[in-house]
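Please keep the model open while reading.

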Amino acid sequence: MAERSSVLSFRSRPNLKTSQCTLIELTDHQPLWKSAHLSCSVSGGGGGYGNFGNFASVSMAEKGDKFEFAPSSAQLLKHPLVVLSYVPRDAAIFVAGAIAGAAAKTVTAPLDRIKLLMQTHGVRAGREGAKKAIGFIEAITLVGKEEGLKGYWKGNLPQVIRIIPYSAVQLFAYETYKKLFVGKDGKLSVAGRLAAGACAGMTSTFVTYPLDVLRLRLAVEPGYRTMSEIALNMLREEGIASFYYGLGPSLIGIAPYIAVNFCIFDLVKKSLPEKYRQTTQASLLTAVASAAVATLTCYPLDTIRRQMQMKGTPYRTVLDAFQGIIQSDGVTGLYRGFLPNALKNLPNSRFSSATILFI
């Protein structure tokens with residue numbers, strides 16, 4: 001009898017379709033029958049040769065112990081940073097984002113304080129009898145002359161503290177709102193995502209808004225040195241409602257900002273040639289352009305919010321503030337501080353990305 005030998009071949013087939021006879025669908029690894037073709041060739045000693053089809057391929061994987069390669073106590077003592085490997089991935093990303101946000105806010109804090117001084121100078125000028133507008137260079141010189149180098153970071157602590165609760169509430173709220181806006185087919189549409197994002201932004205803004213008011217008061221009101229000092233003074237003289245002055249324009253501005261940002265991003269992305277759409281440079285350029293247009297569109301609401309947050313502000317409603325600012329300072333009054341705001345946005349986002357990569 002002629003000796004027969006068989007050869008088992010394994011060939012990659014990228015477009016192979018899933019079998020209709022599948023019994024088990026796996027999620028932790030890719031089964032062989034989804035990406036390869038299995039065949040068997042048998043040849044005989046007399047020169048005969050044949051192929052046999054209708055074979056089933058089975059992919060099996062054995063799960064190992066999660067802590068099979070865990071470091072020993074001695075290794076942990078020698079390399080204590082290894083303990084960070086036990087931190088869940090989602091928690092690590094959240095902490096890295098918080099650290100990056102705090103670092104970026106701190107680096108750009110001088111520009112942010114100059115912006116706040118320029119936005120609120122009209123209200124302070126009304127009380128002090130000074131001129132109604134202050135320029136960019138003039139504001140920089142004034143802070144350095146009166147308060148020194150540390151004056152550029154005045155009011156930064158409340159906004160750094162605000163990052164963690166704001167991000168935590170926003171993430172939790174977004175997941176909750178996504179379930180409310182899901183369609184009948186069980187999927188979340190683009191409009192649903194925008195609505196969920198806007199509602200999550202409003203919720204996180206409402207919860208952490210008192211810290212935003214404290215930040216402004218500490219940055220622009222003279223005579224205060226600590227958060228506790230200004231918070232107690234607000235409670236004593238203006239009541240609990242003072243912590244939510246200007247909340248209206250803050251909530252109103254969130255939805256249009258997200259909508260304009262998304263629309264401009266999508267339009268600019270689609271206008272680029274196909275080969276450039278997926279590049280990092282194109283994504284960065286598109287994000288900067290969309291954020292700039294959205295900020296330009298919604299910036300007047302930010303100016304209104306800041307002036308309504310001030311102690312002794314003459315404005316009680318958004319419409320009242322809008323009309324009052326235009327009457328006293330013209331349309332340009334709505335855009336006071338736009339230059340330092342634009343200057344801080346790009347390094348802010350780039351520094352956040354760099355910090356996350358470093359962490």
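## Salt bridges

Asp 112 and Lys 344 join their side chains in a salt bridge, at 3.5 Å from N to O. A salt bridge here is a side-chain nitrogen of Lys or Arg within 4 Å of a carboxyl oxygen of Asp or Glu. The partners sit in distant parts of the chain, 232 residues apart: Asp 112 in helix α3 (residues 109-128) and Lys 344 in helix α11 (residues 338-358). Helices are DSSP runs (H or I, at least four residues), numbered from the N terminus. Both Asp 112 and Lys 344 are buried. Buried means under 20% relative accessible area, exposed over 50%, and partly exposed in between (1.4 Å probe, protein chains only).

This is a predicted model: local features need pLDDT of at least 70, side-chain atom pairs count only at pLDDT 80 or more, and totals for chains, interfaces and linings use all residues. Residues are numbered from 1 along each chain as its sequence is written, and side-chain values use heavy atoms, with hydrogens and water left out.

Glu 147 and Arg 113 form a salt bridge at 3.0 Å, N to O. Glu 147 belongs to helix α4 (residues 136-147) and Arg 113 to helix α3, so the bridge ties parts 34 residues apart in sequence. Arg 113 is buried at 4% relative accessible area. Glu 147 is partly exposed at 28%.

Asp 212 pairs with Arg 306, with the closest N and O atoms 3.1 Å apart. Asp 212 is in helix α6 (residues 190-220) and Arg 306 in helix α9, so this pair connects parts 94 residues apart in sequence. Asp 212 is buried at 1%, and Arg 306 is buried at 2%. A network of salt bridges includes Asp 112, Lys 344, Asp 212 and Arg 306. The whole structure has 14 salt bridges.

## Helix α10

Ala 321, Gly 324 and Ile 325 are buried in α10. They cover an arc of only 100° around the axis, so they share the same side of α10. The arc is taken from the directions from the helix axis to the C-beta atoms. Leu 319 and Gln 327 are exposed on the face turned away from the buried side.

## Cysteines

How many disulfides does the structure hold? The count is 0. A disulfide is a pair of cysteine sulfur atoms within 2.5 Å. Cys 199 is partly exposed at 23% relative accessibility. Cys 263 is partly exposed too, at 40%.

Notes:
Helix = DSSP H or I, 4+ residues; strand = E, 2+ residues; numbered from the N terminus.
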